[in-house]
Amino acid sequence: MVAAVSTSSGYVREFDTTNPNAPIPLAWVKDRTVQIQLSLGNNQVMLQDGFTSFNDSAADALNTWNPYLAHLHYSWIKNSPVTPAQGDDEMSAFFDTKVFGMNFGTDALAVTLLNYRNGNMEETDTVFNKAVSWDSYRGPLTPPVFDFHRVAIHEFGHVLGLDHPDQATPKQNVVAIMNSRTGDLDTVAQDDIDGVTAIYGTGPAYNSIPNGPVLMNLSTRGTTNTGDNVLIGGFAIQGSQPAQFIIRAIAFSLSASGIADALADSAIELYDVNRNLVASDDDWFVSNDAPTIASYHLDPPNSIEAALIVTLNPGNYTAIVKSFSSSTQPATTGVALFELYDLRTSKSRAINVSTRGQVGTGNDIMIGGFVIGGSTGKRVVIRAIGPSLSQSNVPNPLSDPYLELRDSSGNLVEANDDWQQSPEATTIIADQLAPASPKESAMAPILAPGGYTALVSGARGTTGTALVEIYDESP
Ligand SMILES: [Zn+2]
C-alpha cells in the first residue's frame, strides 16, 4: 500500500501466475485457520485508539476480516517467538526498514509477500515500513502520521488473496480498503466483503469429533533424528469395523510455542503390521484431503507439515515421523509431534499409542499426550520403556527412564522412576503390562476426563532411546 487517496465496480483477486497462460486465482485451503505471527514490538505504546501495542492493533485488524470468512479463520500469536523469515512457511507480520533485504518502493507503507503452489496459498509475510511515522486511529487520515490499523486491514486482505481494484485491468472504481492508496476509509467496505465472500463463502461443512468415554487425541512429542533415530509412533485399532483417523506430524509450528529446535519440514509414512506402506504425506496443504482435514479444525498451522486422513482396518500400525529430504534438501533433525485423532465414525477405536524416540534434556525430553473423553473417570496404563529395548537391538536405549504425569494445568498427578515402586504395581501386573526391566517406569492411575501429558526423561539427566506407551485399560 502507498500513501494518498482514491475511490467504485469490483474486487479483484490475486493469481498464481506460475503458468502465465493459465493463471489460477489464489486462495487458502478452505476451512483453514491461518495463524499470523505478530512480531510488531513488545514495548507498550499508547496509541490514539486506545490499543497499547501494534500487536493489539494488528490482531484487531485480523479480527475485522473474521466475520466475513465463512470457510477460513484468522488466528494470531502476539509477540511471536518465531523469527520472521522467508521460506519458513510461517505467516509473519513485522516492522523493518527493508523487505527481506530489498528496498521498499517509493511511498510504500507496507508490503505483503505471497508464496503459493498450484493456486494454494502457502506462506505470507507482511512487512510494515519502519521509516513511516505510525499510530493507530479511526477517521480521516492525518499524514505524516499514518494509521497502522487500516493499513494492516489492507495488507491482511492481500493475505486472503485480494488485489488492488484501482490497479486492475480494467481499472475498477470502487470504495474499498483494497485500493492501493490509503485514505479516509478506515475499515473494510462492501466491495472487500464481496471479494472474500466470493473466495471463502463456500467450503466443506465443519466437523467435530464426538466426545465419548475413550482415549482421544493421542500424541507424542520428541526429537526426530535421521536414519534409525527417527520418531516412530505405533498404535492399535480394536473392533470389527474399519475406523477413520487423522494422523499428523507437526513440526515447525511448534516454534510458535517456544520450541527453538523444532523440525523444519516434517514428512509422515504409515505402515501396517506387515510393513506395507499404507499412506504417506509430505506437505498437507497440497493434498486432496486438505479441506477435509481442515474441516475438523485439524489443519496443521504450517503448510509444509504432514497430515493424513485414513480409514484403517483393526490391527497394529506404525507411523514414521521424519524430516523431508531430497537430492537438494538434506534431512535435518528437530523436535516433532506425532498425533492420532480417532474421528469416531465407527465403533472401532484406537486403544493405545506408543512412540519410540530420542530422550534428551530440557525441551528435548519425550512427551506423550492424551485426552480422557466422556464424563467419568477412566484407568489408563502409562509406561516409559528403556533398557529392555536392547532386546530388540535398539542402540543406546535410555538406561533409567523417569515418568511424570501432569494434568492440563501442568500439575503433577503422579511420578514414577521404577515401576515396582508404583502404588498401582499390582494392577500393572494384572493387566499384563509389567515392564521387563525393574529400571523402567509405569503407572495405572484412574483419571478424570480432561487432557494429560506424560513426560519421559532420563533419571539423573541420562539420555537415549525410549518408548512411551499409553493404554486404555477398559476400551
Ligand atoms: Zn496493497
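Leaving aside neighbours within four places in sequence, which residues is Ala336 in contact with? Keep that one in mind for a moment. What we have here is a predicted model.

Let me start with the overall picture. The protein has 475 residues, and 47% of them count as buried. The secondary structure comes to 5 helices and 32 strands. Along the principal axes, the C-alpha atoms fill a box of roughly 75 × 50 × 45 Å.

Now, the domains. There are two in the division: domain 1 covers 2–200, and domain 2 covers 215–472. Their centres, taken over C-alpha atoms, are separated by 38 Å. At the contact, 19 residues of domain 1 meet 16 residues of domain 2. On the domain 1 side, the elements giving two or more residues are β5 (32–39) and β11 (120–129). β5 gives the most, with 4 residues. And the class make-up of that side?

On to the core. The largest nonpolar core has 125 residues, and Ala336 and Val456 touch the most other members. Helix α2, residues 148–160, supplies the largest share of this core, with 7 residues. Both domains take part: domain 1 and domain 2 each give at least three residues. As a general point, nonpolar side chains in soluble globular proteins tend to be buried together.

Back to the opening question. Neighbours within four places aside, Ala336 is in contact with Thr224, Leu231, Ala249, Ile250, Ala251, Leu263, Ser266 and Val321.

Another buried residue, Leu308. Leu308 sits in strand β21, residues 306–312. Why does Leu308 count as buried? Because Leu308 has 21 C-beta neighbours inside 10 Å, and the cut-off is 20 or more. Leaving out residues up to four places away in sequence, Leu308 touches Ile246, Ile247, Ile268, Leu270, Ala279 and Asp281. Take Ile247: Leu308 and Ile247 are 61 residues apart along the chain, yet their C-alpha atoms are separated by 5.2 Å.

Next, helix α3, residues 190–200. The buried residues there are Asp191, Asp192, Gly195, Val196, Ile199 and Tyr200. Down the axis of α3, the buried residues fall within an arc of 150°, so they line one face of the helix. What covers them? The cover for the buried residues of α3 includes α1 (54–65), β6 (72–78), α2 and β14 (162–163).

Last, the backbone. Most residues other than glycine have a negative phi, and most peptide bonds are trans. Here are some exceptions.

Cis bonds. Pro143 and Pro144 are joined by a cis peptide bond, with omega about 15°. Pro144 is in the loop between β12 (133–135) and β13 (145–147). Thr169 and Pro170 are also joined by a cis peptide bond, with omega about 0°. Pro170 is in the loop between β14 and β15 (181–182).

Positive phi. Phe100 is not a glycine, but has a positive phi of about 50°. Phe100 lies in the loop between β8 (98–99) and β9 (102–103). With 13 other C-beta atoms within 10 Å, Phe100 is partly exposed. Arg275 has a positive phi near 65°. Arg275 is in the loop between β19 (266–272) and β20 (277–281). Arg275 counts as exposed, with 7 C-beta neighbours inside 10 Å.

Conventions: Residues are numbered from 1 along each chain as its sequence is written. This is a predicted model: local features need pLDDT of at least 70, side-chain atom pairs count only at pLDDT 80 or more; totals for chains, interfaces and linings use all residues. A nonpolar core is a set of buried Ala, Val, Leu, Ile, Met, Phe, Trp, Tyr and Cys residues joined through C-beta atoms within 7 Å. A residue is buried if 20 or more other C-beta atoms lie within 10 Å of its own, exposed if 12 or fewer, and partly exposed in between; C-beta atoms are placed from the backbone. Domain bounds come from an automatic or database domain assignment. Two residues are in contact if their C-beta atoms, placed from the backbone, lie within 7 Å. The arc is that of the directions from the helix axis to the C-beta atoms.
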